[in-house]
Amino acid sequence: MRNFPLSRGTVSGILKGYAGISAAVYTVLYSTLLEQSTSKLLLFLALGLPVICLAMMCFIRPCTPPSGEDSSVHVHFVFTQASSVLLAIYLLTLTVIYDMLSLSYAVSYVLLAIVLIFLLSPLGIPVKMTLFRANAETLTPLAGSREHLAGGEGGSTPADPLLSPSSSALNLGSFFESEYASDVETLLAVGEGAVKKKRRPRRGEDFKFHEAFIKADFWLLWVVYFLGVGSGVTVLNNLAQIGVAFGLENTTILLSLFSFCNFAGRLGSGALSEHFVRTRTIPRTFWMTCTLIVMVLAFVLFALALTGTLYVSTALLGICYGFQYSLVVPTVSELFGLRHFGVIYSFMLIGNPVGALLFSVLLAGNVYDAEASKQGSSTCLGPECFRLTFLVLAGICGLGSILSIFLTIRTRPVYQMLYSSGSFRLPQASDH
């Protein structure tokens, strides 16, 4: 978020999208390189992944974003999105192939090598940027920056630098300054009577966790996320049992469909919300409202159990779940700032396990067990196994859509302030 403040939704969609298809990558590794050995898989997860993550941390560092918009950045994001989509389609195809055919080790390793090529393809961007550095002239000044104003007055003078920092870039620099020093200076100034006590931050500025915790927007966003993601993860956790209850002998295709649509929702939410927040200043929570309404329709289709609607409702739910999961990231950063983004966002994520506990374990689990006991078996068959669960979840998503409408109305002025120029602009720092 700090390194790419002008493309928060796009970055969130890409990161969450890759996280969504990571399980499919592990499945391919388990089937080929690890030879379907559970002990090797556990060893890889326990030692291999931490080593890879620690090694990659050496290449990740905060940086001050440029004061203007580089036209090549959009191309790089499009390339990354395209490679991730191709990877997801390829993994979906591999899942179907592995389920239907028995392949030799040689063919399996070739298919695995193609997966690694797709995974490593985004590394071509830093290599290209290192070998072919973009000229400074390719940067487009942001609206409202000093470069933009100078251009409107007939160009900059020879004494002025061509790329002097904009107000947004200057504000971004404050993110990396120590908060302690400014607080001490403020307290000293208050004691001397030089200034009044600093005001609380407004929406769009940097909030501390305890300041955001008492805001109505914070709890509205948390409840909307809790209701949407909690109901979606309930279906995800029980999708295999749902398939069996609906008469499927093999649920691999159903699980793969949900996984792919989940990835598409995560990736698409970033690109879609980013486009409309820049062009129309439409809050990202508007798309949460839309997906919650679609989820109501999907759960009703699940409950009706009409012929041919199982895969349609699963696809719709996967897309909407991906939207909900990804949209909360840029929304938190825009409403409550980046300085304490990690703490605030981590608290938002609590809605996922809480929703899984309430809706998946207590609701879906008990309803399934009750219907199975009526049939005198541990396995329940028929649409009645989850019908009550689906109807309750439809009502929950309906409630979430109503709350999301209120949240969208409340946050619309914030997005108009942040994106009124067509590109993200940080609010001016509050006076002390």
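**Close-ups of helix packing and cysteines**

**View 1. Helix 15 against helix 16.** V328, V329, V332, S333 and F336 of helix 15 meet F341, I344, Y345 and M348 of helix 16, where contact means heavy atoms within 4.5 Å. By class, that makes 8 nonpolar residues, 1 polar and no charged; Ala, Val, Leu, Ile, Met, Phe, Trp, Tyr, Cys and Pro go down as nonpolar, Asp, Glu, Lys and Arg as charged, and the others, Gly among them, as polar. A word on what you're looking at: this is a predicted model, in which local features need pLDDT of at least 70 and side-chain atom pairs count only at pLDDT 80 or more, while totals for chains, interfaces and linings use all residues. Residues are numbered from 1 along each chain as its sequence is written, and side-chain values use heavy atoms, with hydrogens and water left out. Helices here are DSSP runs (H or I, at least four residues), numbered from the N terminus. Axes are lines fitted to C-alpha atoms, for helices over the stretch in contact, and angles run from 0 to 180 degrees between N-to-C directions. Helix 15 passes helix 16 in a right-handed crossing, meaning the near helix is turned clockwise from the far one by less than a right angle.

**View 2. Helix 1 meets helix 15.** Helix 1 (residues 8-20) and helix 15 have axes that come within 9 Å and cross at roughly 145 degrees. This crossing is right-handed too. On the helix 1 side you'll find R8, G9, S12, G13 and K16, and they meet Y325, S326, V329, P330, S333 and E334 of helix 15.

View 3. C380 and C385 form a disulfide, with their sulfur atoms 1.9 Å apart; the rule asks for a pair of cysteine sulfur atoms within 2.5 Å, and the count comes to 1 disulfide. The torsion about the S-S bond is about -90 degrees, so this disulfide is left-handed. C380 is buried at 0% relative accessibility, and C385 is buried at 0% as well (buried means under 20% relative accessible area, exposed over 50%, partly exposed in between, with a 1.4 Å probe and protein chains only). The sulfur of C290 sits 9.5 Å from the closest cysteine sulfur, in C320, too far for a bond. C320 is in no disulfide either, the nearest cysteine sulfur being that of C397, 8.6 Å away. C290 counts as partly exposed at 28%, whereas C320 is buried at 4%.

**View 4. L94 in helix 4.** L94 belongs to helix 4 (residues 71-100) and is buried at 1% relative accessibility. Leaving aside neighbours within four places in sequence, L94 is in contact with V28, L111 and V115. L94 and T27 are 67 residues apart in sequence, with 9.9 Å between their C-alpha atoms.

**View 5. L29 in helix 2.** L29 lies in helix 2 (residues 22-31) and is buried, with a relative accessible area of 13%. Not counting residues up to four places away in sequence, L29 touches L34, F44 and L112. The C-alpha atoms of L29 and L112 are separated by 7.4 Å, although the two are 83 residues apart along the chain.

Definitions and conventions: Helices (H or I, at least four residues) and strands (E, at least two) are DSSP runs, numbered from the N terminus.
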